[in-house]
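Student: Hi! Could you walk me through this model while I have it open on my screen?

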Amino acid sequence: MTTVDKISRVFEITKLGIETLRNSNLIQDKITQLTPNLILSGKWKNFQLQEYNIQAPVTNVWCGKKHPYMRFLEEVRTKLVTLGFNEMTGSSVELSFFNFDALYTPQDHPAREIFGIYQVKDPQFGNINKYQSTLQKVKATHENGWKTGSTGWDYNYSKKEARRLILRGHGTCLSARTLLSKNFEVPCKYFSIARCYRPEVVDKTHLSEFNQVEGIVVDEKLTLRDLLGVLARFAIEVAGADEVRFKPDYFPFTEPSVELSAFKKGYGWIEFGGSGIFRPEVTMPLDVDVPVIAWGLGIDRLFMMKSGLTDIREIFSQDLDWLRRKEVI
Amino acid sequence: MPTIDVSYIEFETLLGIKLDADLNKLDDILSLVKSEVKLFNRQDDVLTIEIKDTNRPDLWSVEGVTRGLRSYLKIESGPRDYFVDDPIVDVNVDFGLEKIRPYICCSIIKDLKLDDTKIKGFMHLQEKLDQTYGRSRQKTSIGLYDFDLITPPLNYVAVAPNDYSFIPLGFDNELTLSEILEKHPKGIEYGHIVKKNANYPLLLDSKQKILSFPPIINSNDLGKITDQTRNILVEVTGTMYQTTANTLNLVSLALLDQSGKAYAAIINYPDEHFYKKTIDETPNFNYRIVNLDINYTKKLLGLDLSPKKIADLLLTAGMGIEKINNTSVDVRVPCYRVDVMHQVDLIEDVAISFGYNNIKPIWRDLPTTGSMRSEQDLIDLVRELMVGLGFQETLNYTLTNSETLFKKMNCKQQKVIELLNPKIITMTCLRNWILPSLMNFLSQNQSLEFPQKIFELGTVTLLDNSTETLSRDEFKLATVTTHSNASFTEIKSVVTSLFMNLGIDWSIENVSHSSFIRGRLGKIIVNKKEVGVLGEIHPKVLEEWKLENPAAAFEINLNNVLFFNS
């Protein structure tokens, strides 16, 4: 610590001095703040308004803003609606039946074990009475293929396991529910923006809670060419891609399955989506007899690229400073 | 997704051709078998491959990946044939295994030339098959043995846990079967598979030497494979016959791709009633015939392909052709393609052979009208109003923990959706209100400028016996303002403005809520229903979150305010 002696000096201007200055018309009283009183009374005319140092720093003003990721999802939602898609919704807690069984994922599949999906502690099992007849068909399909022409998965299906409550691991359960509901006319297109959960070790590229944009297209005439067409359209409309490329992919519920990569100048190639045509083992037990294209978009990666994020955890950023300073364009 | 480390030199040797050692080109080639390069280090001779297809266990080894690629690279056409010589071993299956682990399949591979890299590769394949295809050894488990140390015939028996003991792999003293379950790491890991039975499975040779205690552990003497081992006995036990037989094939073929010759084993079953037969011969490398419908193929792919063209494409994909006519192709599916369950699996192979990027995409203008979820317009309006009122929108996890939801909010514990298998202690349940998420957010930003004004409009999950998932999601809006003068008045003004702009009449009534200061809070009433709470945050809560400034907040259930009335 250093101590500094404080010295005050007072200077006063004499009465004569003030009088002389006033009469000289050279210098008026200067004021900094214009007040309502000065304006209304017209007295402002007697004063000179102090000139400011316009280079002086000012305090920050933080405006209210939408979250950049939420705004991005709004854009995606609007684009999908423009492309003729209807939004589906559902609850975060889901029956295993819709998350897995109806999507031809066998009950002993590793994705269903405790390291693949969050299970609910209490209550552990939900109610599936409403779906008894579908449950029978799904059971037969898993065990021996039922009448789908498939071999099935070669194991004993448990109806109790179908009732297990989990946090949904993907948005595709909503598509299964929509197909079963019969509340649709062919042709139709659906999408969902669903919060999904998986017991992942959270790191730069994995979250255990994330959003998925997924959906279906249903029409009698659909083929693999349509599937590629849908993906190409998404790449252009949603990602603003300059070029697209397709690769073989795998999902238990689709065949053929396709991975979409999109190229955008300044960003490079990104894996932007996965999709396929639902297997007969999925559609037939749901009493759907037309082809169904199922698709999902990797929007997190697209958002990260657009926002210059390198760590996926920053989507759920708890940093107010980043949110305050993040530009909106 | 399975990942395998292979030697690039081995990879090329098994393929039988030299490739351009270029990462992008390798990626393109591997995409034909739904795999990609994770890492390629030419100098250290390491190629790490990720296989996206979890239903293609035939690809989980360097032998398998190259087997899958050979036809695509035109090194050979159709599948490679594998042969089995006459049986040289008998395996007698004892009574009593029907309900424990009924099936056993064996093969003997002779004249092998092994080295450490290859052995390591086989061990990885065995591990991956046990874990994934064998469902953590529950459905199938594999054992490899030095055949020269074994005296056939073998006996697969069910025995009492304390009647037998042997030196398990990695140990140097004898343990009984019960002791293995208690003391051996594998016994601790997989013991639950057999523990429920009175008797345990055991595999012995004719001199009573123990090969293994399936599916737990092999013997330390017989189950050790080294670069000196020439002849190997492969044994797979399991609960489902087809999966057991498939697993044996996958391991045997990987060995055969390296070197050696396969010999069969005769399995003698004790009970015709259960096993449906008395004798089985393993392994069985025969192909299956799957009939592929031409019209279905053309319709699904949207491509006009002739039967001949489809057959050619299938050969490129490594399938065999039995017969072609105008309406269908009889396809020989090799035994290792265990993923083929339906003809759509073959149709995908046709498409991959044709090349996804050679297929012209089409966009059909289907007459559909798009729409957002019914709540979306109102959600967006509310968010817009909050932004207009000067609040920053935040995005928070819905997974949280009860300390955050209740203890740190000075509240009594409530029942929420809890997870059976949380991964980390901070994420053990779904939130039932949003304000704690916002307090958590603020606690991490105390060094920044004030005032800090934030909100989130998101979902919470509540228990509800009337639904099929015994729970329901609801939309809530929570808002906090914190600075040196934050007060009840300020937040009441915000709520007033919000409701005025939404055209909703509301009133405020006294309520008690321990997260807020007594006498400085109220419940929000709309249509005579309580829809939320507003007030000044209790200093106890501020202390818990280490907030230095007063804070005022509100939380409203939007389902009750907006959506149910619209």
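Student: Leaving aside neighbours within four places in sequence, which residues is B:Asp349 in contact with?
Tutor: Leaving those neighbours out, B:Asp349 is in contact with B:Tyr72, B:Ala317, B:Met319 and B:Arg337. Contact here means heavy atoms within 4.5 Å. Keep in mind that this is a predicted model, where local features need pLDDT of at least 70, side-chain atom pairs count only at pLDDT 80 or more, and totals for chains, interfaces and linings use all residues. Side-chain values use heavy atoms, with hydrogens and water left out, residues are numbered from 1 along each chain as its sequence is written, and chains are lettered from A and ligands numbered from 1 in the order in which they are written.

Student: Thanks! Which side chain does B:Asp349 make a polar contact with?
Tutor: The side chain of B:Arg337, at 3.0 Å. A polar contact is a pair of N or O atoms within 3.5 Å; within protein, one must be able to donate a hydrogen and the other to accept it, and residues adjacent in sequence count only if both atoms are side-chain atoms.

Student: And is B:Asp349 buried or exposed?
Tutor: B:Asp349 counts as buried because its relative accessibility is 3%. The cut-offs are under 20% relative accessible area for buried, over 50% for exposed, and partly exposed in between, using a 1.4 Å probe and protein chains only. B:Asp349 sits in helix 12 of chain B, residues 343-354. Helices (H or I, at least four residues) and strands (E, at least two) are DSSP runs, numbered from the N terminus.

Student: What about B:Arg56, where is that?
Tutor: B:Arg56 is in the loop between strand 3 (46-51) and helix 3 (62-70) of chain B. With neighbours within four places in sequence set aside, B:Arg56 is in contact with B:Arg337 and B:Asp339. So B:Arg337 turns up in the contacts of B:Asp349 and again in those of B:Arg56, and B:Arg56 is buried because its relative accessibility is 8%.

Student: What surrounds B:Thr247 beyond its sequence neighbours within four places?
Tutor: B:Leu129, B:Tyr133, B:Thr140, B:Ile142 and B:Val236 are in contact with B:Thr247. B:Thr247 is buried, at a relative accessible area of 0%.

Student: Okay, zooming out. How many helices and strands does chain B have?
Tutor: Chain B has 18 helices and 27 strands. Its radius of gyration is 33 Å, well over the 24 Å that the globule rule gives for 566 residues, so chain B is more spread out than a compact globule. That radius is taken over C-alpha atoms, and the rule is 2.2 Å times the number of residues to the power 0.38. Of the 566 residues, 59% count as buried.

Student: And chain A, how many helices and strands there?
Tutor: Chain A has 11 helices and 11 strands. The C-alpha atoms fill a box of roughly 115 × 45 × 40 Å along the principal axes, and 54% of the 329 residues count as buried.

Student: Which residues are buried in helix 10 of chain A?
Tutor: Helix 10 covers residues 299-307, and A:Ile299, A:Asp300, A:Leu302, A:Phe303, A:Met304 and A:Ser307 are buried. They pack against helix 3 (68-82), strand 7 (209-218), strand 10 (268-278) and strand 11 (292-297) of chain A. Just after helix 10 comes A:Gly308, with a positive phi of about 70°.

Student: Last one: where are the cis peptide bonds in A:Val186 to A:Pro187 and B:Pro152 to B:Pro153?
Tutor: A:Pro187 is in the loop between helix 7 (172-181) and strand 6 (188-197) of chain A, and omega for that bond is about 0°. B:Pro153 is in the loop between strand 6 (140-146) and strand 7 (154-159) of chain B, with omega near -5°.
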